Amino acid sequence: MARRPGAPAAYGEEFTFVSPLVKYLLFFFNMLFWVISMVMVAVGVYARLMKHAEAALACLAVDPAILLIVVGVLMFLLTFCGCIGSLRENICLLQTFSLCLTIVFLLQLAAGVLGFVFSDKARGKVSEIINNAIVHYRDDLDLQNLIDFGQKKFSCCGGISYRDWSQNMYFNCSEDNPSRERCSVPYSCCLPTPNQAVINTMCGQGMQALDYLEASKVIYTNGCIDKLVNWIHSNLFLLGGVALGLAIPQLVGILLSQILVNQIKDQIKLQLYNQQHRADPWY
């Protein structure tokens, strides 16, 4: 059928406003994080199944595997909307993806600002988390390894001081505690010994019964909260780079999804225009 002389080619049937570059770039962007989310969920579920049932239930609130599963599931659902929405050019899924990603970005930004402004309350919350982890130290091997790594990394012991380990039922200093680890601290609190071939896991035996001066000859006596705060203050540029590295993919996802949504809407308008004017003699 003849087209009106001088009519722009943009209104032809073969034209599309949807850019294949934007469409498939957004698809593969989400596919990458989709695969990562499935790996996270699989690792988290495997870690949970490998734990003893009673121990797993006892420390449910501080279990790193639970955190891995929750983050993985949320990421899976979010990237699913992005993948299918971009591939099927579905405006509803793309807008859901963009909205959720925007909310996540704003929550992260708000958490950073509030943590900086209300540093005392944030410090109290961190102290509460650490104390809860100390209580469940022996209940979960993953949590135990995480605490040991943190104490070695920051050269610290406990939350505020090494005596915080008395909150744990195995390390408690009470007279009626039958544990062999009574009044002790984990081996990760001990000062490193040069050229030590075998780790002495009993090096913290009875350290809580000693005063700070005597205990400091064998173990770290300073708590991990102060060490963590000092590390944050001395590594602000590193943390800023990490925050920027997390923010850039989110902003790219939001931008690409909004561009694709606008292109799809323009394409719908073009299709409606073609249907309305299909009977025109110059079409």
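S155 is partly exposed at 25% relative accessibility, where partly exposed lies between buried (under 20% relative accessible area) and exposed (over 50%), with a 1.4 Å probe and protein chains only. This residue is found in the loop between α6 and α7, and its phi is positive, near 50°, although S155 is a residue other than glycine. The model is a predicted one, in which local features need pLDDT of at least 70 and side-chain atom pairs count only at pLDDT 80 or more, while totals for chains, interfaces and linings use all residues. Residues are numbered from 1 along each chain as its sequence is written, and side-chain values use heavy atoms, with hydrogens and water left out.

E89 also has a positive phi, about 55°, without being a glycine. Its place is the loop between α3 and α4 (91-117), and with a relative accessible area of 29% E89 is partly exposed. A further loop residue, Q208, lies between α6 (141-154) and α7 (212-215). Q208 counts as buried because its relative accessibility is 5%. Leaving aside residues up to four places away in sequence, Q208 touches Y162, R163, W165, S166, F171, C173, C183, S184 and V185; contact here means heavy atoms within 4.5 Å.

Turning to the chain as a whole, the secondary structure comes to 9 helices and 0 strands. Helices (H or I, at least four residues) and strands (E, at least two) are DSSP runs, numbered from the N terminus. Read from that end, the order of elements is α-α-α-α-α-α-α-α-α. Of the 283 residues in the chain, 33% are buried. Among contacts between residues at least 6 apart in sequence, 70% join residues at least 24 apart.

The unreviewed UniProt entry annotates residues 24-47, 59-87, 93-118 and 236-261 as "transmembrane region"; such positions follow the numbering used here, feature names are shortened, and annotations may be inferred rather than shown by experiment. Over residues 24-47 the model has 100% helix and 0% strand, with the end C-alpha atoms 34 Å apart. For residues 93-118 the figures are 96% helix and 0% strand, and here the end C-alpha atoms are 36 Å apart.

Two helix pairs may now be taken in turn. Helix α1 (residues 20-49) and helix α3 (residues 64-88) have axes that come within 7 Å and cross at roughly 155°. Axes are lines fitted to C-alpha atoms, for helices over the stretch in contact, and angles run from 0 to 180 degrees between N-to-C directions. The angle therefore makes α1 roughly antiparallel to α3, a term for angles over 145 degrees. The crossing of α1 past α3 is left-handed, meaning that the near helix is turned anticlockwise from the far one by less than a right angle. Residues in the contact of α1 with α3 divide into 24 nonpolar, 7 polar and 2 charged. In this grouping Ala, Val, Leu, Ile, Met, Phe, Trp, Tyr, Cys and Pro count as nonpolar, Asp, Glu, Lys and Arg as charged, and the others, Gly among them, as polar.

The second pair is α4 and helix α9 (residues 236-276), which pack at an angle of about 155° with axes 9 Å apart. That angle makes α4 roughly antiparallel to α9, and their crossing is left-handed. Residues making the contact include I91, L94, F97 and L101 of α4, together with A247, L251, G253 and I254 of α9. The residues of this contact of α4 with α9 divide into 13 nonpolar, 8 polar and 1 charged.

Notes. Parallel < 35°, antiparallel > 145°, perpendicular 65-115°, else oblique.
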